[in-house]
Amino acid sequence: MIKKTLYIPLIAAMFASCGTANQPKSENVMQKLATEPFADGIPAQIVVVGGEEYKYPIMAIWVEDLNGNYLGTLYASKSISTGVFRYGVYEKGMWMPGERNRPAALPRWKNVSTLKSSESQPVDAFSGATPSGSFSLKTRLPKGVDSIRVVMEVNKPWDFNNYWHNNRYPGDNEYATSGQPALIYEAVIVKSSAEKQFYFKPIGHSHPSGSNGEIEPDISTFTSALKIVDRAWVEILK
């Protein structure tokens with residue numbers, strides 16, 4: 001279960017090696033989360049620094065082996081994990097919380113976590129409210145493999161631009177609330193490496209309406225979506 005979120009001033013030294021002169025305001029406060037997806041796993045921390053377009057995105061972070069086999073979820077926004085969204089149903093002239101299937105939100109994570117998992121994880125082991133800004137996630141990585149991929153999928157609804165405009169796919173109701181599709185980042189972790197910080201890099205985007213879980217590598221048409229996350233990395237803890 002997600003432990004209580006704390007709000008603390010960010011320790012300046014935490015980002016000293018990356019430079020702090022022109023960092024976004026979201027870095028001024030670091031929210032702390034914790035999950036227990038692998039009870040006897042290797043302690044790790046994931047740090048996500050929000051960019052200027054952060055603004056409550058939907059996200060999931062999970063682990064795969066180097067062949068792309070899903071191993072488990074480290075964190076996922078509560079709305080996508082439970083299917084209950086703040087603006088899920090429209091009743092009596094207003095949007096209200098309710099259940100809703102939104103395949104365009106995080107298509108890749110939905111696909112691998114439901115179709116490729118050998119055994120399901122309890123939702124409360126990894127889900128929680130989306131932090132309002134930069135955050136650190138104390139979690140555990142699975143044992144038994146030296147090299148793994150940590151994958152992060154991030155999306156912000158209604159995030160249109162000149163290419164991903166609201167009439168790009170007429171009649172596609174799932175795309176109509178999306179805009180720029182979910183971005184996918186990965187960090188390749190080698191536990192035996194002398195390196196202890198492994199940075200995420202964007203590797204593509206998900207299907208614009210969530211019809212499948214494939215990754216499209218071309219992100220040249222993305223603009224504001226690339227500013228949701230300023231930078232992020234995984235640290236192996238002792």
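Which residue stands opposite Lys138 in S9? The residue is Gln45, in a predicted model of a protein with three helices and 14 strands. The protein has 238 residues, and buried residues make up 49% of them.

**Overall makeup**

- The protein exposes about 12,100 Å², and carbon and sulfur atoms supply 52% of that area.
- Taking contacts between residues at least 6 apart in sequence, 74% join residues at least 24 apart.

**Strand S3 and its partners**

- Strand S3 covers residues 42-50, and seven of its nine residues are buried, so the strand is largely enclosed by the rest of the structure.
- Strand S9, residues 135-141, pairs with S3 in the antiparallel sense, and the pairing runs over seven bridges.
- Within S9, Lys138 is the residue that Gln45 stands opposite.
- Strand S14, residues 229-236, also pairs with S3 in the antiparallel sense over seven bridges.
- Val48 has Ala232 as its bridge partner in S14.

**Aromatic pairs**

- The structure holds seven aromatic pairs.
- One of them joins Tyr75 and Phe135 in a tilted arrangement, with 6.1 Å from centre to centre and 45 degrees between the planes.
- That pair links distant parts of the chain, since Tyr75 lies in strand S5 (residues 70-77) and Phe135 in strand S9, 60 residues apart.
- Tyr75 counts as buried because its relative accessibility is 0%.
- Phe135 likewise has 0% relative accessibility and therefore counts as buried.
- Phe160 and Tyr175 form an edge-to-face pair, at 6.3 Å centre to centre and with 75 degrees between the planes.
- This pair also links distant parts of the chain: Phe160 is in the loop between strand S10 (147-155) and helix H3 (173-176), Tyr175 is in helix H3, and the two are 15 residues apart.
- Phe160 has a relative accessibility of 26%, so this residue counts as partly exposed.
- Tyr175 has a relative accessibility of 0%, so this residue counts as buried.

- One aromatic cluster is formed by Phe160, Tyr163, Trp164, Tyr169, Tyr175 and Phe222.
- Tyr163, a member of this cluster, has the charged end of Arg168 over its ring, 3.9 Å from the ring centre.
- Trp164, also in the cluster, has Arg168 over its face, at 5.4 Å from the ring centre.

**Arg149**

- Arg149 lies in strand S10.
- Its relative accessibility is 15%, and Arg149 counts as buried because the cut-off for that class is under 20%.
- The side chain of Arg149 makes a polar contact of 2.2 Å with the side chain of Glu64.
- Leaving aside residues up to four places away in sequence, Arg149 touches Trp62, Val63, Glu64, Asp65, Leu66, Gly68, Glu186, Ala187, Val188 and Ile203.

Technical notes:
Residues are numbered from 1 along each chain as its sequence is written. This is a predicted model: local features need pLDDT of at least 70, side-chain atom pairs count only at pLDDT 80 or more; totals for chains, interfaces and linings use all residues. Side-chain values use heavy atoms; hydrogens and water are left out. Helices (H or I, at least four residues) and strands (E, at least two) are DSSP runs, numbered from the N terminus. Buried means under 20% relative accessible area, exposed over 50%, partly exposed in between (1.4 Å probe, protein chains only). Contact means heavy atoms within 4.5 Å. Accessible areas come from the Shrake-Rupley method with a 1.4 Å probe; for residues, only the protein chains shown count as cover. Two strands pair if DSSP finds at least two bridges between them. Rings of Phe, Tyr and Trp (its six-membered ring) pair if their centres lie within 6.5 Å; planes under 30 degrees apart count as stacked, over 60 as edge-to-face and the rest as tilted. A charge sits over a ring if NZ of Lys or CZ of Arg is within 6 Å of the ring centre and within 35 degrees of the ring normal. A polar contact is a pair of N or O atoms within 3.5 Å; within protein, one must be able to donate a hydrogen and the other to accept it, and residues adjacent in sequence count only if both atoms are side-chain atoms.
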